[in-house]
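Reader: Could you walk me through this structure, a few questions at a time?
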Amino acid sequence: MAPFAWTIRGNVNRFFVDAQILQYLIVLAGLFNLSLCLYEDQVGKFDWRQNYVGKITFASFDTVSTAKKIIVATEENVIAAFNLKSGQIIWRRVLEKGGHIRTLGGVADGDLISVSGGVPAIVRAWDLATGHILNEWPIAEQNTDRIKDVKWHIKDGTLHHILPIYNSGVEVTSYDSKTGEKLKTRRVSAPFISQETECVLAAPYLACLKGDSSLALVLLVHLFDTNAQPQSVTINTIFGAGAQGPYKLESVLGEEPVISINADNDQRKRILAVIGELPIPIQRDIAGDATLYVVSIDNEKVLLETTYKNGKIEIAATDLSSSAPLPDLSVTLTHTSLQSPTIMASVCPRQTKGITCRHLLSSQDHSISLLQHNKLVWTREEALASIVAVEIIELPMSDRDQAIETEFDQKERDVLSMFLRRITSQINQAKAFFQTILDLGPQQSNQRIDLVRDKFGLHKMIIAVTSAGKLYGIETRKGEIIWQLRLPNIRGFTKLSNTMILYVQRGSRHFPHPPQCALLAEDKETGEGVVYTFNPITGQPLDGLVKLGYKIKQSMLLHVTTDDFLRGILILDARNKVHVYPDSAIAVAASLGKSTYLFTADQTTGILSGFSLSYSTTQELIAHKVWELLLSPRNQKITQVVAKNPIERVHSQGRVLSDRSVLYKYINPNLVAVVTEGIGHAHKNTLNLYLLDVVSGAMIFSITHKRVRGPIHIVHSENWLVYGYFNEKGRRTEIATLELYEGKIQSNTTVFSSLATTKLPIVERQAFIFPASIEYMQETITEKGITSKHIIVALANGGILELPWMMVDPRRPTNPEMREEGVIPYMPEIPIHMDAIINYNQSVSRVMGIHTSPSGLESTCLVFVHGLDLFYTRVAPSKTFDVLKEDFDYYLIVIVLAALLISSYITKKLASQKAQKQAWK
Amino acid sequence: MTMTANSKQSSKRSKWALDFAHKTKQDKSVEIPSPPGYTPTGSLFHNVEYMRESDSNHLIIKKSWDLALGPLKQVPMNLFIMYMAGSSISIFPIMMVGMLIIRPVKALFTLQQTFKVIEGTHAFGQKFVYFLGQLVNIALALYKCQSMGLLPTHASDWLAFVEPQTRVEYSGGGFIYV
Amino acid sequence: MYLFYVIVGVLFCVSYADFVRESELDYDGWLQLRLWQAFNDDPMPVFTERGNITVSSVRSGASVVGQNGLLPAQISALKNLAEHDGKYRLKVLARTSSGSEITFLSSVPACYLLGSDLEDIITIWLDSAAEPIAVSISSLGPCILDNPFTNMWTTNVVVRYPDGGPIPDTAMYIQKLEREREARERGETKDNRSFLAKYWMYIVPALIFLLLSSATNPEAAAGGSAQRQ
C-alpha cells in the first residue's frame, strides 16, 4: 500500500499543479536561467582575453635577476614585467585609477621602487621576480602647490625627493626606499632658481636654464654635494654664436648625467655631458627631432640618436665624448610596426660574439618593440589599451557565395543569357571544386580564406579605433589582429575626451560593393574635421583621409542609403551649417530633411539645441533650430547624454499584466537620457536624470536623486533605463531602473511620431542595492529583439557580470499577492551569482567600454569588453533556443530513428503475414 | 425484436396453449389443432403486422427522442466534470476540457449520420433539439475554457501579433565635439 | 488700427498628487515668462510678441496668462506655415525669482495649432533648484489645415518638477520576510492532515473519471452487441 500511495502522490503532485506552484516554478526556472556558466571544457572556446599595459613612461632592463625581463611603468598607472624573449607579460600590477607613476628605479640594484601619486606620494617596493608588493609607504608632501616641480631620484636604495626652492636652493630629502625612514634633509644653495627657471634632473645634477637670450646660462647643481658651487655653461659655449632661442632643456635618458638643449625652434640640438666633474659641451649638431639615449658599454659612454624618416628608422651610435661614430652599434631598419620610435631603455652587454645591444622602443602609436641589434624580436600593440571607438562588422561572403550573388544580381532578365550564365557559373564551380580536391587551385581572393561569414554569423570583425590614431581589425574567433593602420595626423575630439566617431556606412551584405567604415576625427594641427573611409575587412583605404575644412560640431548617420547602399554622414559644423559626406548622398539627405533631426548638447554652457533639416534642398542642406533649452551650468553639469542603440529592435510591444490586460510600452526612438550632476554647495551630490525627446524638444520625465554621487553608468534601451550610482547616505552602490509605459491602450498602433505624442508616459521606478562597484554597463542586443535583455556589468574587481534585466525590473512586486507571470518578487539586494560572471577567472582591468553586437542567431549576442584588457565572448540571454546543444547526441537520435523505422517495417510485414494465415484458417 | 415477440405472446394467448384435455370423439369432425406456431388465417397476420408497425413507430419516435435529448441529459454530468476538473492548467483538466469540446463538435459533424435512420414528422424537431443540446454542451465547454483562461479573449493574447510602430522622425546627436 | 484681444486671468492650478507625495522642490518662487512667436516659413525666425505668463508660485503651479489674440494676417501666416508642413516657433524668456534670465526655444507643427483651434500647452520643467530648464509648447492637434474657430489662444500652463528618485525598499522587505517566517511557523504546526485530507480534491476527480470511463465502456459494448443481433 505504501509504495502505491507514494506513486499516487507523486503522480498527483506531478500532474495537478496548482497555479501558484506553477508560478513558483516559472520563477525558479527564471532563477536557474541565470546560471549560464561554462563547463570546464568550454573555457576559452568562445572567448579570448588579451592583456595590455598601455603607453610606457618608464622602462628598464632587469639584468640582475636570473630570468631576464623588462620592467615597465605606463601612463595607465601599471607596472609590469615582460619576458625578454617573447614580450609576454610575466606579471602586471594595475595601480589605482587616475594615478601617475612619477618614477621607477632601483632595478639595477635588484629591487624595484616606484613612486606614484602626488599628495601623498606613495612609494612601493616590488619583488622583481613575482611582482608582489614588498613595502608601501606614503610621503607627506610639504608644499602641495608645487607638486609638479618635485623630482624623484632613486639611487642605491635611497629615494631622493628633490624640490627646487625659489631664490634659495634645492631641498633634497632622502629616504630609505625600503623602509620609508627619513635619512636626512639637505639644502643645496642655488639662489638663481626662480619661477621661470626651467630645470631638469640629470642625476646627480639638477640642470637649469636661466634666461632666454643668447646670454642664457645652463647651470648645473650637484645635488648631493652641499659644498660644491653651481657650475655654469653659457649657451654660446654650447652652440657657438648665432643660435636662436627659445631654448629647451631636456634630460637625455640613460644612466648618465647628460642633457640636451634644443635651439632654433627645435631645428637642432646639442648635448652637454658631465664627464668627471666637468660639464663638457659636445660641439656637434644633432637633428632636432632625434631622440637620444646614453648607454654605457664597458665604461664607455655611447650616445644613441634615433631618427625616423619615411618609414626608415636609424639609430646612430657615437662615442659620447669624442663624437666618433660606432658603426657596429648603429642600426638602420624599416618596419611597418615601428613609427617614430623612442628608445626607452637600452642595454649592451658584452657577450662572446661581441657586443649586442637590445633597445626597447616605444613608438608614437604606443606600440612597444624590442630590437636586438637590427632585428625586431617582438612588438606589442599597446594602443589597444586605449580603444575609443568600436564596431563589430559581419564578414563578407565566401567567393563561391559571391559568385552566386553576382549571378543573380544581373539587371537583364533574358532567359537565354541567364541560362548561359548558369552553365558557366556551374562550370566554374565544378572547376573550383576539382581544383580544391586536387589542391592546386590558385587562391583567387586576396583575403584570407577563413575570413568569411559563417552559418550563424558568429565570426565577425572587430574594428577598434585607439586614441593613438591607430586602427585595428581583429577577428573574433581567436582575437587575431588581421590588419592595422595608423593615421598620424589625427586626434580625438577634444571635448569628447579625445574619442573619435566610427560609423559603419555600408555593411558586408551589399556585394559587390565593399563594406565601408568612416572615422571622424580632428586634424592634429588645425583642429578641423577629417573623415577617413576604409574597408573594415581588409583595412584598405577607400576614399582615404579627407580634410573637411571646418570643425565638426556634431554628426549622425542617415537612416536611408544611397543607390549603392551607402549611408551618408550628416555633419553639423561649428557655424551650424550642415554638410553630408559623401557629397553624393546630398539628394538622399535633402529628401529626408523633413524627418531628420539633430541635437547638440554643450557640456560647458549647458545648452541643448535641436535642429531640423526641413528647409534643405538638393542644392543646400539647411539646419534650423527648432528647440533649445538650458541646464544651467550654475546648478548642474551634464555628464552623460545617452540615446538608444539605433539598430535596436523591440519585438514585444507591451507587457502582460496579471489580469491578462496589456500595458503598452512607451518606445520612443528619439528619447534621450540626459544625466547631470549637481554643482555647488547646495546641489552637490545630487543626480538629475532628464528624459528628453530630441525631435520635439519636449521633456518627458525628470528625476532627482539626493545624496548620491557618480560616476553614473547608464543603460538606455527599449522602454527602460538602468543606472548605477553610489549612494552617499547608504555608502553603497545602487542600481535604479525606470520603465516607461504608454498605458493600457496604444494611442497609435502603426506609427510613432514624437510630434504627435503629447501624452506623458507612465514611469515605473525601483532601486536596488548592488553589492559591487560598477565600471561600465551595457545591454545585450539581438537581431530581432525577441531574446530577453541582459545587462553586461563590468565590475571593479575585474569580473563581467551578466545581469538579467528581470532582476532589475521595476515592476518586481513588493506585495507577493500581485504577481505577474515571470516576475520575481522584490528583493532590495541584487545577488551576484558567480555563475553569471561571464569571464570566469579571466579578470579584466579598467574597463572603458563594452560593445555588444547581434549575431546571426537570434539567441546569441556578441560581447566585446575593452579597457586595459580586451575580452570577447558571446552570451545567450534566453539560452540557445535556436541551436542544438554542443553535446547533442546525433548518433543516438539517428540510431533511435533508424531502429523505429526498421521495426515498423518488420512489424508491418509480420502483421500482414499473420493476417494472411488467419484468412487461410 | 425480443420486445415485439413478447408483446405478441401477451396478446395472442391461445397461440401457444394446446388443449389436449378436450380432445373428444365429437370433435373428430373438428380438425386437429394446428401445430404450434401455425396460424391458418391471413387476417390475423395482417393484424399483427399492423400492430407491430404502429408499435415500432412509436418506439422509434421514443428512441429517437431519447437520442435527441441525450446531449441535454449530459449537461449535468458535464457540469459535474467541469466542477471536478478545477481551473488549473495541467494535463487532466486539459484532457477533460478537450473531451468536453471535441465530443459535441464531433457529434454535430456526424448529425446527419446519427439521424439517418430517423424519419417522420418529429425528425426535424428532434434534430433541432439534438443540435441545441450539443450547442449547450459546447457553450458549457467554452465557458469552462474561458474560466480557465484558455480563450484568446484578452488583448494580451494578441500581443505577439502587434507590429512595432514605425518611426516617423529620425534623430541623432549628442555632446558637441568642439 | 489693430485690435488687441487680451485674455487676462486664465488661471490654471496644477497640482499633482504624486508631486505632493514626493516633492523634491525645496524652494518656492515665481516665474515670469515673456513669449515671442514666429510664423514665418523660413529657417531664420522672425519673432513677434505674443504675451506673457506669470507663475506666482512654482510649487502650486498657479499661473496667470496674458496674451494677444492673433491678427487675421497672423492666422493666414500660420495657415501658410501649416500648408508647408512648417513649425510654429515660440521663444520664451524666463525670469526667475532668483534673478536669472533664461531663453528657451520651442516649436510645434503649425497644423496642430490649427487643428486644436489655437489651444496649446506650455510646459515649464524645473530642476530640483526650482530653476526652469525647459519650456516647451505642445498641442494636442489633430493636424488640420482649416481656419481655427477663434483667434484667441487657449493656453494651458503646466509646471513640472523632478520626482524623487527611488530608494531600495529594505524596510518593507524585512517586514515581508518576518511575515513569511511567521506564516511558515504557523503553517508548519497546522498542516499535519492525513494524505487523503490534503489531496482529496485531486483524488476524487481522478476516481470519478475512472468510474465514468469504465461506466461508459460497457454501455457502448452493450449497444454494439445489440446491433449485431
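Author: Happy to! Two strands pair if DSSP finds at least two bridges between them, and strands (E, at least two residues) and helices (H or I, at least four residues) are DSSP runs numbered from the N terminus. This is a predicted model, in which local features need pLDDT of at least 70 and side-chain atom pairs count only at pLDDT 80 or more, while totals for chains, interfaces and linings use all residues. Residues are numbered from 1 along each chain as its sequence is written, and chains are lettered from A and ligands numbered from 1 in the order in which they are written.

Reader: Which residue stands opposite C:Asp163 in β10(C)?
Author: Strand β54 of chain A, residues 699–706, runs parallel to β10(C), and two bridges join them. Opposite C:Asp163 stands A:Ile703.

Reader: Which element gives the largest share of the side of chain C that touches chain A?
Author: Contact here has C-beta atoms, placed from the backbone, within 7 Å, and 35 residues of chain C contact 42 residues of chain A. Elements giving two or more residues to this side of chain C include β8 (132–138), α4 (170–190) and α5 (195–228) of chain C. The largest share, six residues, comes from β6(C).

Reader: How far apart are the end C-alpha atoms of residues 890–907 of chain A?
Author: An unreviewed UniProt entry annotates residues 890–907 of chain A as "transmembrane region"; such annotations may be inferred rather than shown by experiment, with positions in the numbering used here and feature names shortened. In the model, this stretch of chain A is 100% helix and 0% strand, and its end C-alpha atoms are apart by 26 Å.

Conventions:
Contact = placed C-beta atoms within 7 Å.
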